[in-house]
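Welcome! Here is a short tour of a structure that may be new to you. Have a look at the sequence and the 3D view, then follow the notes below.

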Amino acid sequence: MTLQAPFSAFRIHDDASGYRAGIETMRADELSPGEVLVKVAYSSVNYKDALAGTGKGKILRRFPLNGGIDVAGYVAASTDPAFKEGDAVLCTGCGLSETRDGGYAEYARLESQWTIPLPAGLTLRESMALGTAGFTAALSLFQLVRNGQTPDMGPVVVTGATGGVGSLAIDILTQAGFEAHAITGKVDQFDWLIGLGARQCIARTGLYWGQRPLETARWAGAIDNVGGDMLAGLTRVIRPYGNIASCGLAASAELATTVMPFIIRGVSLLGVASAGTARAIRDRVWDHLASDWKPAHLDAIANREVALSELPPVFDTMLAGGSLGRTVVRIA
């Protein structure tokens, strides 16, 4: 393409006219700088995308920008010899829709240091069915395993289990040989979670953590998407030398707990910062996602596909807690 050829993008503004987002026409020479120009095939919808697209969260650090923290497509042009025209590539996080234009556009320009060649074993659509959510779920497991978590220690519980990260975590844990348990407020989706591999489903509303610093240990580890009281409760019920991967704050960013689980039971609280993950680890996690950790139920999890023009109601549903699994955004 020429840098002057127009294309469509879902662009977000915040200026004297207020916060607004919608489909606009732009040119490649207006995109954020980068070595790799990509003809976008797919993106996806994550919680951060919904916050950014509606203005209900402070995600973007500069304006205007194209939305979409995930992108997958084919190289249209590159000044880095490592990438050739036609190469299939992906990128998640790494400043997309925060400090640079994201994947909700027919073209995106990426920094080569964060551009991932599509791993063998994944299609472009599958890579976005995973997207930041799948990468976060797999990075959470990567952190657990790196800190000594093994399947023979016992079950790992996943909170917010019907969301994108949660549902993929259930499937990924199962593929990796772990027994996965699910906590969710959507009791009508228990059968769906069991179909993804959950061995036990627990209603969020039926949980009582107790008030003591340490309660009866129930799980060997956890992947928490919720934060707040949920994460505080988990610290009290993880078995000795188990790990909790903290990767979300769907309920709250607050954490009210004691040091007792950490100094008496040796529990480890592990942070999962998917957006800024080092390239070497990023490559290893994507290799797992394309092979031994590849979810067996991606079609069931990525149960919705939309066009750019259909994004606003998807955002609203997600922020209202009504989404299930993953939504893929079809660009081309």
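In this predicted model, the buried residues of helix H5 are Gly 228, Met 230, Leu 231, Ala 232, Gly 233, Leu 234, Thr 235, Arg 236 and Val 237. H5 spans residues 228–237, and with nine of its ten residues buried, the helix is mostly covered.

**Around helix H5**

**The nonpolar cores**
- The largest nonpolar core has 50 residues, and those touching the most other members are Leu 168, Ile 172, Leu 173, Leu 193, Ile 223 and Val 285.
- At least two residues of this core come from each of these helices: H2, H3 (164–175), H4 (190–196), H7 and H8 (298–301).
- Strands S3 (36–45), S9 (156–159) and S10 (180–184) also supply at least two residues each.
- Helix H2 gives the most to this core, namely twelve residues.
- Leaving aside residues up to four places away in sequence, Ile 223 touches Ala 137, Ser 140, Leu 141, Leu 144, Val 156, Val 157, Val 158, Thr 159, Ala 169, Leu 173, Ala 245 and Cys 247.
- Another core, of 30 residues, lies apart from the largest one and includes Val 306, Leu 308, Leu 311 and Ile 331.

**Where helices H2 and H7 meet**
- H2 (residues 124–146) packs with H7 (residues 279–289) at an angle of about 110°, and their axes are 9 Å apart.
- Because of that angle, H2 is roughly perpendicular to H7.
- On the H2 side, the contact is made by Ser 127, Leu 130, Gly 131, Gly 134, Phe 135, Ala 138, Leu 139, Phe 142 and Arg 146.
- H7 brings Ile 281, Arg 282, Arg 284, Val 285, Trp 286, His 288 and Leu 289 to this contact.
- By type, the residues of the contact are nine nonpolar, four polar and three charged.

**Strand S6 and its partners**
- Strand S6 (residues 88–92) is mostly covered, as four of its five residues are buried.
- S6 pairs with strand S5 (residues 70–78) in the antiparallel sense over five bridges, and Val 89 in S6 is the bridge partner of Gly 73.
- S6 also pairs with strand S8 (residues 116–117), again in the antiparallel sense, over two bridges.
- Here the bridge partner of Val 89 is Pro 117 in S8.

Methods:
Residues are numbered from 1 along each chain as its sequence is written. This is a predicted model: local features need pLDDT of at least 70, side-chain atom pairs count only at pLDDT 80 or more; totals for chains, interfaces and linings use all residues. Side-chain values use heavy atoms; hydrogens and water are left out. Buried means under 20% relative accessible area, exposed over 50%, partly exposed in between (1.4 Å probe, protein chains only). Two strands pair if DSSP finds at least two bridges between them. Axes are lines fitted to C-alpha atoms, for helices over the stretch in contact, and angles run from 0 to 180 degrees between N-to-C directions. Angles under 35 degrees count as roughly parallel, over 145 as roughly antiparallel, 65 to 115 as roughly perpendicular and the rest as oblique. Contact means heavy atoms within 4.5 Å. Ala, Val, Leu, Ile, Met, Phe, Trp, Tyr, Cys and Pro count as nonpolar, Asp, Glu, Lys and Arg as charged, and the others, Gly among them, as polar. A nonpolar core is a set of buried Ala, Val, Leu, Ile, Met, Phe, Trp, Tyr and Cys residues joined through side-chain atoms within 4.5 Å.
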